Amino acid sequence: VQLQACGGGLVQAGGSLRLSCAASGRSFSRNAMGWFRQAPGKERENVAAINWSGTSTYYADSVKGRFTISRDNAKNTVYLQMNSLGPEDTAVYYCAANTSPASSWSGYIYWGQGTLVTVSS
């Protein structure tokens with residue numbers, strides 16, 4: 001089982017990026033998925049979560065209104081659209097798959113390798 005995150009890079013403040021996380025080895029169409037991030041010297045924090053059908057989403061307060069999580073179960077892929085990026089969004093972003101179909105901040109057991117997002121001021 002592998003979660004491959006991609007789409008990170010260097011962007012100027014105010015810009016946008018779209019992260020993708022493709023799963024292989026099994027289907028996660030019945031699992032909630034989430035995005036998390038870890039900035040240098042800081043603990044990992046929640047970013048966004050989505051339930052199995054895409055009808056329920058959670059966001060950290062710090063990204064509400066700027067980030068959008070979505071999924072395409074036919075492609076076994078989850079996305080994170082990030083707009084209005086600021087230097088505070090600089091981090092390694094990880095995708096993860098939950099054991100439950102319901103979106104939450106806990107219960108993630110499959111983790112991707114992370115993709116680096118750097119926002120310059």
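Over the face of which residue does Arg-44 lie? Arg-44 lies over the face of Phe-36, 5.8 Å from the ring centre; a charge counts as over a ring if NZ of Lys or CZ of Arg is within 6 Å of the ring centre and within 35 degrees of the ring normal. Arg-18 is placed over the face of Tyr-79, at 4.0 Å from the ring centre.

This is a predicted model: local features need pLDDT of at least 70, side-chain atom pairs count only at pLDDT 80 or more, and totals for chains, interfaces and linings use all residues. Residues are numbered from 1 along each chain as its sequence is written, and side-chain values use heavy atoms, without hydrogens and water.

Phe-36 also forms a tilted aromatic pair with Trp-111, 4.9 Å centre to centre with 50 degrees between the planes. Rings of Phe, Tyr and Trp (its six-membered ring) pair if their centres lie within 6.5 Å; planes under 30 degrees apart are stacked, over 60 edge-to-face, and the rest tilted. Phe-36 counts as buried at 2% relative accessibility, while Trp-111, at 32%, counts as partly exposed; buried means under 20% relative accessible area, exposed over 50%, and partly exposed in between (1.4 Å probe, protein chains only).

The structure holds 1 disulfide, a pair of cysteine sulfur atoms within 2.5 Å. Cys-21 and Cys-95 form this bond, with their sulfur atoms 2.0 Å apart. Cys-21 is buried at 1% relative accessibility, and Cys-95 is buried at 0%. Cys-6 is in no disulfide; the nearest cysteine sulfur, that of Cys-21, is 8.4 Å away.
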